[in-house]
Amino acid sequence: MTAPTADASQPAVPYGTPDAPRIAVRGEARLEVDPEIARIGITVAARGRDRRSALDDLTRRNAVVLDLVKSYADAVERLETGAFSITPELTKHGRGERVRTYHGSVHVTAELTDFTALGELTTRLADLELTRVDGPWWALRPDSPAHREARKKAVREAVQRAREYAEALGTTLSALVELADIGAESAPPPYPQAPGRARTAAFGAAENAVAPLDLEPQRQRVHAQINARFTMVPPQL
């Protein structure tokens, strides 16, 4: 009979020795920062008794929306067209497949970095006929300096905590053994949705221009966690 072997898929826990005792700590940081981008969703709709009239109206309204968003130039970082549909609506009564009307829609997503322009653009879009605006959803860029600052702060917090443990034993740290993100040895958790506060506006055309919406950016929370292991000078217990 052979002795059981360790599971190679599980990383070995680095235990210390009397000559090189080890300290394992967790560093954590939480920051609140201003958002860097805001996303809005724009849905343009049209309805007509025949497919062609619905499509013509939808094309015209979509062009108006795109031209309006593009007029804000540098304030808009990204503009994308998503789902498009033309759907027939059948009559509820009668035999056969008689079409009562056609419904059309186009969904557009815009990403802005100028939050002053955001309020004005959102208001002007919502003032267009059969145009719906959803958002804004506030977020940070994936490469935002805030993420880097949170990671650095988590490392500093781990070093400080380990030093405090060593000082409590009347000794000092000697070397770093390991530094790892939480869950680095296992499958990563699903990426959370970017936090944000959604507002929805759906209006028809108005005779007079309305005042721009006052949109207050929502602060973003950044969280970083790391595990760290150190060796320390053997304490005199």
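Which residues is Val69 in contact with, leaving aside its neighbours within four places in sequence? In this predicted model, Val69 touches Ile42, Val76, Leu79, Ala110, Leu121 and Leu125 once those neighbours are set aside, a contact being heavy atoms within 4.5 Å. Residues are numbered from 1 along each chain as its sequence is written, and side-chain values use heavy atoms, with hydrogens and water left out. Local features need pLDDT of at least 70 and side-chain atom pairs count only at pLDDT 80 or more, while totals for chains, interfaces and linings use all residues.

Val69 also belongs to the largest nonpolar core, which holds 29 residues. Such a core is a set of buried Ala, Val, Leu, Ile, Met, Phe, Trp, Tyr and Cys residues joined through side-chain atoms within 4.5 Å; buried means under 20% relative accessible area, exposed over 50%, and partly exposed in between, with a 1.4 Å probe and protein chains only. Ile40, Ile42, Val69, Leu118, Leu121 and Leu125 touch the most other members. At least two residues of this core come from each of β2, α1 (51–70), β3 (76–90), β4 (99–112), α2 and β5. A second, separate core has 17 residues, including Leu140, Ala146, Ala162 and Ala224. In soluble globular proteins, nonpolar side chains tend to be buried together. Over the 237 residues of the protein chain, 31% are buried.

The elements come next. The protein chain has three helices and eight strands, taken as DSSP runs numbered from the N terminus (helices H or I, at least four residues; strands E, at least two). Their order from the N terminus is β-β-α-β-β-α-β-α-β-β-β. Among contacts between residues at least 6 apart in sequence, 82% join residues at least 24 apart.

One aromatic pair is found in a search of the whole structure: the ring centres of Phe115 and Trp138 are 5.0 Å apart and their planes stand at 85°, so the pair is edge-to-face. Here rings of Phe, Tyr and Trp (its six-membered ring) pair if their centres lie within 6.5 Å, with planes under 30 degrees apart counted as stacked, over 60 as edge-to-face and the rest as tilted. Because Phe115 lies in helix α2 (residues 115–126) and Trp138 in strand β5 (residues 131–139), the pair ties together parts 23 residues apart in sequence. Strand β5 is also joined to β2 (residues 37–48) by seven bridges, and the two run antiparallel; strands pair if DSSP finds at least two bridges between them. Thr43 stands opposite Arg132 in β5.

An open sheet is formed by three strands in the order β1-β8-β6, with antiparallel pairing. β1 (22–33) and β6 (173–181) stand at the edges with a single partner strand each, so one side of each lacks a neighbour in the sheet. Twelve bridges link β1 to β8 (residues 220–232), and Arg26 stands opposite Asn227 in β8. Helix α3 (residues 145–168) lies across β1, β6 and β8, at about 145° to β1; axes are lines fitted to C-alpha atoms, for helices over the stretch in contact, with angles from 0 to 180 degrees between N-to-C directions.

Confidence is given by pLDDT, from 0 to 100 for each residue. The chain mean is 84, and 81% of residues reach 70 or more. Helix α3 has the highest mean, at 96, and strand β7 (residues 199–203) the lowest, at 43.

Methods: pLDDT is the predictor's confidence in each residue, from 0 to 100.
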